[in-house]
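The points begin with the chain as a whole and end with individual side chains.

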Amino acid sequence: MPKIVSSSIVSSSDHSKNDTTAEDTRDKLHVYYCLCSEFLLVVDANLEDMPRRRTDNAIIVSNTRRTYKLSADGPEVIILSRPNGYEKQYRYFCPRCHLPIAYEMTEERKRGPYTYILDSAMTESQGNAPPNAIREVPATT
């Protein structure tokens, strides 16, 4: 009968070294949810600290400088009229409630320079809408 050789790995919880701990790594990653509480995005920076697009106030996520994972359905092509012409967007939607959450300018995901996160589409607190997601509409007379 042949011998079975196995190997094992010993781990240590000694944090005296200068290694990155799980808590440090967790602090560097930011998790975002849809308004319906579905997990959508994990990114290496806070969305509030990222630049915004002037045309629609969307958050600009650089596809070359940021590491992120977007869980969304799509793309679906939308053509918008802008003051200087038309804009073609490839929109991504929440897989649970189909709320639009992001878009890109190229058909293939992360092939263009940026991914745009729609304003107020995501929240860091699961089950709670961001403060600017719900706006009161003035009553019409």
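1. The chain exposes about 10400 Å², of which carbon and sulfur atoms supply 49%; areas follow the Shrake-Rupley method with a 1.4 Å probe, and for residues only the protein chains shown count as cover. The model is predicted: local features need pLDDT of at least 70, side-chain atom pairs count only at pLDDT 80 or more, and totals for chains, interfaces and linings use all residues. Residues are numbered from 1 along each chain as its sequence is written, and side-chain values use heavy atoms, with hydrogens and water left out.

2. Of the 141 residues, 30% count as buried (under 20% relative accessible area; exposed is over 50% and partly exposed in between, with a 1.4 Å probe and protein chains only). Where contacts (heavy atoms within 4.5 Å) join residues at least 6 apart in sequence, 42% of them link residues at least 24 apart.

3. Along the sequence the pattern reads α-β-β-β-β-β-β-β-β-β.

4. An open sheet of five strands has the order 3-8-7-6-5, with antiparallel pairing; two strands pair if DSSP finds at least two bridges between them. Strand 3 (59-62) and strand 5 (73-82) are the edge strands, each pairing on one side only. From one strand to the next the twist averages 30°, using axes fitted to C-alpha atoms (for helices over the stretch in contact) and angles from 0 to 180 degrees between N-to-C directions. Strand 6 (residues 85-93) and strand 7 run antiparallel and are joined by four bridges; Tyr90 has Glu104 in strand 7 as its bridge partner.

5. Three aromatic pairs are present (Phe, Tyr or six-membered Trp rings with centres within 6.5 Å; stacked under 30 degrees between planes, edge-to-face over 60, the rest tilted). Tyr103 and Tyr116 are stacked, at 5.0 Å centre to centre and 20° between the planes. Tyr103 belongs to strand 7 (residues 100-104) and Tyr116 to strand 8 (residues 114-117), so this pair ties together parts 13 residues apart in sequence.

6. Tyr114 and Tyr116 form a tilted pair, because their ring centres are 6.2 Å apart and their planes stand at 50°. Tyr114 is partly exposed at 36% relative accessible area, whereas Tyr116 is buried at 10%. Tyr103, Tyr114 and Tyr116 form one aromatic cluster.

7. Arg53 lies over the face of Tyr116, 5.1 Å from the ring centre (the criterion is NZ of Lys or CZ of Arg within 6 Å of the ring centre and within 35 degrees of the ring normal). The charged end of Lys110 sits over the Tyr68 ring, at 4.1 Å from its centre.

Notes:
Helix = DSSP H or I, 4+ residues; strand = E, 2+ residues; numbered from the N terminus.
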